[in-house]
Amino acid sequence: MVSAADKGLVRTIAETGSTNADVLALAAAGAPEGSWLRAERQTAGRGRQGKPWSSPIGNLYASTLVRARPGDPPAASLALVCAVALAETITSLGCPAVTIKWPNDLLLDNAKLAGILLERHGDAIVAGFGVNLASHPSIEGRATASLAGRLWVHSAAELYEHLVADFATWLDIWRREGLAPVISRWERQAHPSGTPLIANLSDGSSVPGKYDGLASDGALRLRLADGTARVIHAADVFLV
């Protein structure tokens with residue numbers, strides 16, 4: 001079987017503005033699914049809601065292209081696929097303490113270790129991965145972490161190689177078997193049931209509750225103080 005790397009679809013460059021922006025441009029030019037790009041440094045990295053993503057040398061900054069197909073599960077659920085694949089990569093390389101916070105942040109000791117940004121144009125869905133390996137930024141109001149000093153011996157290049165393979169595996173599972181196995185794996189890697197969370201909604205309101213697993217479509221279930229359940233489809237979620 002010819003791998004994406006063998007086809008020349010997996011590349012690394014020294015520096016760029018944003019790997020997501022680059023892969024979106026490649027998608028517009030007709031690049032195939034399975035294209036990957038890693039930069040050793042980004043000068044204009046970004047996270048959700050346009051927030052800047054600190055991108056010094058030593059961390060992982062990589063993006064890949066998925067082409068939406070008829071019959072695929074909902075495209076939004078790729079956020080869960082990305083989180084599961086990255087968590088599997090990191091844990092398999094020796095960091096079993098990593099957990100997932102909905103929908104796709106990876107935490108280490110309840111501090112943000114990695115973020116994932118999905119962007120879509122037509123049938124092109126670009127997934128960008130940022131992982132704090134050598135260092136982590138200081139963000140007001142949010143705890144951050146890196147793998148430096150935690151017996152982590154793998155480079156960004158090694159992590160990238162494993163992530164390419166693990167993402168291909170989980171993308172195939174998502175397509176062949178649907179969301180159920182992805183959700184099951186996601187829940188096993190998440191923080192414990194009953195963990196206090198607060199969901200900040202786009203209308204400015206906040207919903208406090210306790211983590212109660214995922215709905216069948218991948219939405220977040222919160223158990224409210226009165227015992228009722230609230231299903232959250234879009235929000236910025238924090239541990240309390």
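Is Asp-109 buried or exposed? Asp-109 has 55% relative accessibility, so it counts as exposed; the cut-offs are under 20% relative accessible area for buried, over 50% for exposed and partly exposed in between, with a 1.4 Å probe and protein chains only.

Before I go on, the ground rules. This is a predicted model, where local features need pLDDT of at least 70, side-chain atom pairs count only at pLDDT 80 or more, and totals for chains, interfaces and linings use all residues. Residues are numbered from 1 along each chain as its sequence is written, and side-chain values use heavy atoms, with hydrogens and water left out.

Back to the loop. Asp-109 sits between β5 and β6 (111-121), and its phi is near 55°, a positive value in a residue other than glycine. Asn-110 lies in the loop between β5 and β6 as well. Its phi is also positive, about 65°, although Asn-110 is not a glycine. With a relative accessible area of 53%, Asn-110 is exposed. As for the element names, helices (H or I, at least four residues) and strands (E, at least two) are DSSP runs numbered from the N terminus.

One more loop, between β4 (99-101) and β5 (105-108), holds Pro-103. The peptide bond from Trp-102 to Pro-103 is cis, with omega near -5°.

Now the helices. Helix α2 covers residues 78-92, which is 15 residues, and spans 21 Å from first C-alpha to last, close to the expected 21 Å at 1.5 Å a residue. That expected span is 1.5 Å times one less than the number of residues. Twelve of the 15 residues of α2 are buried, so the helix is largely enclosed by the rest of the structure. Among them are Leu-78, Cys-82, Leu-86, Thr-89 and Ile-90. After α2 comes Gly-94, with a positive phi near 115°.

What does α2 pack against? One partner is helix α4 (residues 179-189): the two axes come within 9 Å and cross at roughly 50°. Axes here are lines fitted to C-alpha atoms, for helices over the stretch in contact, and angles run from 0 to 180 degrees between N-to-C directions. α2 and α4 are therefore oblique to each other; under 35 degrees would be roughly parallel, over 145 roughly antiparallel, 65 to 115 roughly perpendicular, and the rest is oblique. In the contact (heavy atoms within 4.5 Å), residues of α2 including Leu-80, Val-84 and Glu-88 meet residues of α4 including Val-182, Arg-185 and Trp-186. By class, this contact has nine nonpolar, two polar and two charged residues. Nonpolar covers Ala, Val, Leu, Ile, Met, Phe, Trp, Tyr, Cys and Pro; charged covers Asp, Glu, Lys and Arg; the others, Gly among them, are polar.

α4 also packs with α3, at an angle of about 135° and with the axes 7 Å apart. This pair is therefore oblique. Trp-170, Ile-173, Trp-174 and Glu-177 of α3 make the contact with Leu-179, Pro-181, Val-182 and Arg-185 of α4. Those residues divide into six nonpolar, no polar and two charged.

Phe-167 counts as buried because its relative accessibility is 3%. Leaving aside neighbours within four places in sequence, Phe-167 contacts Trp-36, Thr-64, Val-66, Val-81, Cys-82, Ala-85 and Phe-129. Two of the names on that list, Val-81 and Cys-82, are buried residues of α2. Phe-167 and Arg-223 are 56 residues apart in sequence and 31 Å apart in space, C-alpha to C-alpha.
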